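Visitor: I've got a model open and a few minutes. Can you walk me through it?

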Amino acid sequence: MAFPDRRLGVYCCGHVFRRERGVRLVSHEDGDWQFLCGDVDHVDPDEPYHVSVGVLLERDPTIDTVSDLESDWAAERTDVHARWIRTPCAPQA
Ligand SMILES: [Zn+2]
């Protein structure tokens, strides 16, 4: 599986945007994709950053393996070489 449209707009955290960390958490909620480092220290007021998924794929082609993630599901991995673990997103309060 692969993202059919490399220009698809997605969100990412500042760490991923600045290439400081790899993507370890992907969520697909309400049609929006988020690619995050999976850590909790997000204090950048400009987050989330909006990018084309193709930009992220250039750096890490393994992101294509979650392109079939269903809506309102998330995928996590312990490091960028590990397998994705998929879970349904918790309902929003
Ligand atoms: Zn981050």
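Predicted model: local features only at pLDDT ≥ 70, side-chain atom pairs only at ≥ 80, totals over all residues.

Visitor: Metal first. What coordinates the zinc ion?

Guide: C13 through SG, H15 through ND1, C37 through SG and H42 through NE2. The distances run from 2.0 to 2.3 Å.

Visitor: And what's the arrangement of the 4 donor atoms?

Guide: Tetrahedral, because the angles they subtend are 100 to 120°. For reference, ideal tetrahedral angles are 109.5 degrees.

Visitor: What spacing do the donors follow along the chain?

Guide: C-x1-H-x21-C-x4-H. C13 sits in the loop between strand 1 (9-12) and helix 1 (14-17), and C37 in the loop between strand 3 and strand 4, so the pair ties together parts 24 residues apart in sequence.

Visitor: Where's H15?

Guide: In helix 1. H15 counts as buried because its relative accessibility is 7%. Its side chain has a polar contact of 3.3 Å with that of H42. Beyond its sequence neighbours, H15 touches several residues, including E20, R21, D41 and E47.

Visitor: E47, then. Where is that one?

Guide: In the loop between strand 3 (32-36) and strand 4 (49-52). E47 is buried and has no salt bridge.

Visitor: Which side chain of opposite charge is nearest to E47?

Guide: R18, 5.1 Å away. A salt bridge here needs nitrogen and oxygen within 4 Å.

Visitor: Switching to backbone. Is the peptide bond from E47 to P48 cis or trans?

Guide: Cis, with omega near -5°. P48 is in the loop between strand 3 and strand 4. Most peptide bonds are trans.

Visitor: Which residues have a positive phi although they are not glycine?

Guide: R19 is one, at about 65°. D30 is another, at about 50°. Most residues other than glycine have a negative phi.

Visitor: Where are they?

Guide: R19 is in the loop between helix 1 and strand 2 (25-29). R19 is exposed, at 57% relative accessibility. D30 is in the loop between strand 2 and strand 3. D30 is exposed as well, at 67%.

Visitor: Last topic. How many salt bridges?

Guide: The count comes to 9. One of them pairs R7 with D5, at 3.6 Å from N to O. R7 is exposed, at 70%. D5 is partly exposed, at 35%.

Visitor: Which residues are linked in a network?

Guide: R21, R24, D39 and D41. D39 bridges to R21 with the closest N and O atoms 3.2 Å apart. That pair links distant parts of the chain: D39 in the loop between strand 3 and strand 4, R21 in the loop between helix 1 and strand 2, 18 residues apart.

Visitor: And D39 with R24? What's the distance?

Guide: 3.1 Å, N to O. R24 is partly exposed, at 24% relative accessibility.

Methods: Residues numbered from 1 in each chain as written. Heavy atoms only, no water. Helix = DSSP H or I, 4+ residues; strand = E, 2+ residues; numbered from the N terminus. Buried < 20%, exposed > 50% of the residue type's maximum accessible area, 1.4 Å probe, protein only. Lys, Arg positive; Asp, Glu negative; His and termini not counted. Donors = N, O, S within 2.8 Å, 3.2 Å for Na, K, Ca; no water. Tetrahedral: all angles 85-135°; square planar, octahedral: opposite > 155°, others 65-115°. Polar contact = N/O pair within 3.5 Å; in protein donor to acceptor, adjacent residues only side chain to side chain. Contact = heavy atoms within 4.5 Å. Lists of a residue's contacts leave out its neighbours within four places in sequence.
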